[in-house]
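Thanks for coming, everyone. Please put the sequence and the model up on your screens, and we'll walk through it together.

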Amino acid sequence: TNHTATSNRVCGNCSLGSTYGMSTNAFACLSTTVCASHQYQTIAATLTSDRTCVNTTICNPGQGESVAPTSTTNRQCTPCIAGVNFTATAGTAACAEVRLCSLLEYETTAPSSSVNRVCAGLTNCSAG
């Protein structure tokens, strides 16, 4: 608390990781920032400074999540392999397997790292 005309100030005791004081003359501790679920901590809180949080990476189309983020590390993305797996939209999913055409289908669109294979049914031929 602050001082009065007849009493000295009482300094706050901050708690590492949950509160911090802005200066050596701080008499009140401030709550540290809590990183949101889509963020990770890049700089830890100290007794005199707040923690720093940054948004996690979102993988681009054609990339999949290879390492999930933690509270202190970012998401890692890896390119999908054209013809093997893909991701069509930006997000947090791993690369998905490319569709295989059945024996009664043919490929109308070739797969890429960001587009799944498209198949269409074969024409039925009549006898004769």
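Which residue forms a salt bridge with Glu 107? Arg 117 does, with the closest N and O atoms 2.6 Å apart. By salt bridge I mean a side-chain nitrogen of Lys or Arg within 4 Å of a carboxyl oxygen of Asp or Glu.

Two notes on method. This is a predicted model, where local features need pLDDT of at least 70 and side-chain atom pairs count only at pLDDT 80 or more, while totals for chains, interfaces and linings use all residues. Residues are numbered from 1 along each chain as its sequence is written, and side-chain values use heavy atoms, with hydrogens and water left out.

Now the overall layout. The protein chain has zero helices and ten strands. Both are DSSP runs, numbered from the N terminus: helices are H or I with at least four residues, strands are E with at least two. Along the sequence the pattern reads β-β-β-β-β-β-β-β-β-β.

Next, burial. Of the 128 residues in the protein chain, 18% are buried. Buried means under 20% relative accessible area, exposed means over 50%, and partly exposed is in between, with a 1.4 Å probe and protein chains only. The chain exposes about 8,600 Å², and carbon and sulfur atoms supply 56% of that area. Accessible areas come from the Shrake-Rupley method with a 1.4 Å probe; for residues, only the protein chains shown count as cover.

Contacts now. Contact means heavy atoms within 4.5 Å. Take the contacts in the chain with a separation of 6 or more: residues 24 or more positions apart account for 30% of them.

Back to the salt bridges. The structure holds three. We started with Glu 107 and Arg 117. That pair links distant parts of the chain: Glu 107 sits in strand E9, Arg 117 in the loop between E9 and E10, ten residues apart. Glu 107 is partly exposed at 39% relative accessibility. Arg 117 is buried at 16%.

Another one joins Arg 99 and Glu 105, with the closest N and O atoms 2.7 Å apart. Arg 99 is partly exposed, at 33%. Glu 105 is also partly exposed, at 22%.

Then there is Arg 75 with Glu 65, at 2.5 Å, N to O. Arg 75 lies in the loop between E5 and strand E6 (76-79), and Glu 65 in strand E5, ten residues apart. Arg 75 is buried, with a relative accessible area of 10%. Glu 65 counts as partly exposed, at 21%.

Stay with Arg 75. Which side chain makes a polar contact with the side chain of Arg 75? Thr 56, at 3.3 Å. A polar contact is a pair of N or O atoms within 3.5 Å; within protein, one must be able to donate a hydrogen and the other to accept it, and residues adjacent in sequence count only if both atoms are side-chain atoms. Thr 56 lies in the loop between strand E4 (52-55) and strand E5 (63-67). Thr 56 is buried, at 13%. Leaving aside neighbours within four places in sequence, Thr 56 contacts residues including His 38, Tyr 40, Pro 69 and Asn 74.

On to the sulfurs. How many disulfides does the structure hold? Five. The cut-off is a pair of cysteine sulfur atoms within 2.5 Å. Counting bonded cysteines along the chain, the pattern is 1-2, 3-4, 5-6, 7-8, 9-10.

I'll show three of them. Cys 14 and Cys 29 have their sulfur atoms 2.1 Å apart. The link is left-handed, with -100 degrees about the S-S bond. Cys 14 lies before strand E1 (19-20) and Cys 29 in the loop between E1 and strand E2 (30-31), so the pair ties together parts 15 residues apart in sequence.

Cys 35 and Cys 53 come in at 1.9 Å, sulfur to sulfur. Cys 35 lies in the loop between E2 and strand E3 (39-43) and Cys 53 in strand E4, so this pair ties together parts 18 residues apart in sequence. The S-S torsion is about -85 degrees, so the disulfide is left-handed. Cys 35 is partly exposed at 22%, whereas Cys 53 is buried at 19%.

Finally, Cys 101 and Cys 119, at 2.0 Å. The torsion is about -85 degrees, so this disulfide is left-handed. Cys 101 is partly exposed, at 27%. Cys 119 is buried, at 13%.

That's the tour.
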